[in-house]
Amino acid sequence: MLQQNAVMSSSDYISDGFKDVSNMTDEGYYISKSFMDKFCVHIAKNFMDLPKIKVPLILGVWGGKGQGKTFQSMLIFKKLGVGPIVMSAGELESGNAGEPAKLIRQRYREASDIIKKGKMSTLFINDLDAGAGRMGGATQYTVNNQMVNATLMNLADNPTNVQLPGQYQVEEIPRVPIIATGNDFSTLYAPLIRDGRMEKFYWSPTFEDRVGVACGIFKADGVAEKDVEVPQQAALRPEPPLVPRALRRVRVAQQAASRGRCFVVQRHVRGVREAVRARHGPARRRACPEGSHTVSDSGQGGKKYPIDAGFSV
């Protein structure tokens, strides 16, 4: 018996990349004002008709790992009533050449069909730099990496004329804002991240942001805000710089000489001499006037090297 596979348009089914945030609660969770403002402005500019103004299609949110970029994004989507089409970095590579680029175009058109129905949607790509970036000499740069970068550039240049492979009719579709997260966008193709195509937003949570996020997470446990502020202050306190032992000994000798005391190093003289030589060259023997301060080398027949109270390390 003959079977025929039905070919449906993207508006006839629910996309595999559709993220339903309607069942996600945002009660009690903290949303950063700067993060919210950047999202709202970017989405609003892409849905508005602004003649003679080039609006970047892509918003790149980048920052340190574990800073809550994705979770903040989902909270904002819930608050704004946006149904995002989500892609991960793993979908940007495939064993077949051209599949990730085709998938990006397909997901973009699926989001466009949602907008055509009167709802807001975006294409949200998680960890774009992990899937399309060049991480160094040990990372192989494949054809799919090149095609993903080229496809995103083409979407940014022609956001209303996106065609699937094999379809070449000119069909204008609604514009879909793209939001991508990552840790280091410098690994991406440079023309992709230029200002006309991508607007960059560096997310570095402030002290208030950190306290607000932690309070929202532990609200059900009854943790007070003051109990959250103390560890956050300790985490943001800068650590003292590490000073090598040899340089520390030289500084002690310098301070003792500046106070007018005779400082004789009996132990670990070798470390002092190496540090002085590395900083000021080989020490020269010279006649020590009465009252000068010296460092004695007990390992080399009791030779004495003068310490100038004016030198700094």
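Reply: Helices (H or I, at least four residues) and strands (E, at least two) are DSSP runs, numbered from the N terminus. This is a predicted model, in which local features need pLDDT of at least 70 and side-chain atom pairs count only at pLDDT 80 or more, whereas totals for chains, interfaces and linings use all residues. Residues are numbered from 1 along each chain as its sequence is written, and side-chain values use heavy atoms, with hydrogens and water left out.

Me: OK, what follows α2?

Reply: Gly81 comes after α2, and its phi is positive, near 75°.

Me: And which residues of α2 are buried?

Reply: Lys69, Gln72, Ser73, Met74, Leu75, Ile76 and Phe77 are buried in α2, where buried means under 20% relative accessible area with a 1.4 Å probe, protein chains only.

Me: Switching topic, how many aromatic pairs are there?

Reply: The structure holds 7 aromatic pairs, counted when ring centres of Phe, Tyr or Trp (its six-membered ring) lie within 6.5 Å; planes under 30 degrees apart are stacked, over 60 edge-to-face and the rest tilted. The rings of Phe35 and Phe201 have centres 5.8 Å apart and planes at 80°, so this pair is edge-to-face. Phe35 lies in helix α1 and Phe201 in strand β5 (residues 198–202), 166 residues apart, and both are buried.

Me: What about the sheet, what order do the strands take?

Reply: The open sheet of 5 strands runs β2-β3-β4-β1-β5 with parallel pairing, two strands being paired if DSSP finds at least two bridges between them. β2 and β5 are the edge strands, each pairing on one side only.

Conventions
Buried < 20%, exposed > 50% of the residue type's maximum accessible area, 1.4 Å probe, protein only.
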